[in-house]
Amino acid sequence: MESSTAGARCRNCGTHVTQQFARVFGDNGDIVHGCPACTTYREMQSGGHLPGE
């Protein structure tokens with residue numbers, strides 16, 4: 001499993017994100033699967049950017 005320090009980039013587009021962003025919008029491992037550069041805030045708030053959602 002990746003550590004939260006390795007999860008400082010969006011898995012979808014590769015854009016750098018902060019650790020705080022990863023904690024809030026990432027999955028249970030703080031891995032970001034969508035960020036403001038490639039996902040809407042509506043999708044991020046609803047969890048629609050997470051795999052399996």
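Rings of Phe, Tyr and Trp, the last by its six-membered ring, are taken as a pair if their centres lie within 6.5 Å. The model examined here is predicted. Under this criterion, Phe21, Phe25 and Tyr41 form one aromatic cluster.

**Pairs within the cluster**

A search of the whole structure finds two aromatic pairs. Phe21 and Phe25 form a tilted pair, with 4.8 Å centre to centre and 35° between the planes. These two residues are four apart in helix H1 (residues 19-25), so about one helical turn separates them. Phe25 also forms an aromatic pair with Tyr41, and this pair is edge-to-face, at 6.4 Å centre to centre and 65° between the planes.

| Pair | Centre to centre | Angle between planes | Geometry |
|---|---|---|---|
| Phe21 and Phe25 | 4.8 Å | 35° | tilted |
| Phe25 and Tyr41 | 6.4 Å | 65° | edge-to-face |

The angle of 65° in the pair of Phe25 and Tyr41 is classed as edge-to-face because planes over 60 degrees apart fall in that class.

**Accessibility of the members**

Phe21 has a relative accessible area of 13% and is buried. Phe25 is likewise counted as buried, at 18% relative accessibility. Tyr41, by contrast, counts as partly exposed at 48% relative accessibility. Both Phe21 and Phe25 are classed as buried because their values fall under 20%.

Conventions. Residues numbered from 1 in each chain as written. Predicted model: local features only at pLDDT ≥ 70, side-chain atom pairs only at ≥ 80, totals over all residues. Heavy atoms only, no water. Phe/Tyr/Trp six-rings, centres within 6.5 Å; stacked < 30°, edge-to-face > 60°. Buried < 20%, exposed > 50% of the residue type's maximum accessible area, 1.4 Å probe, protein only.
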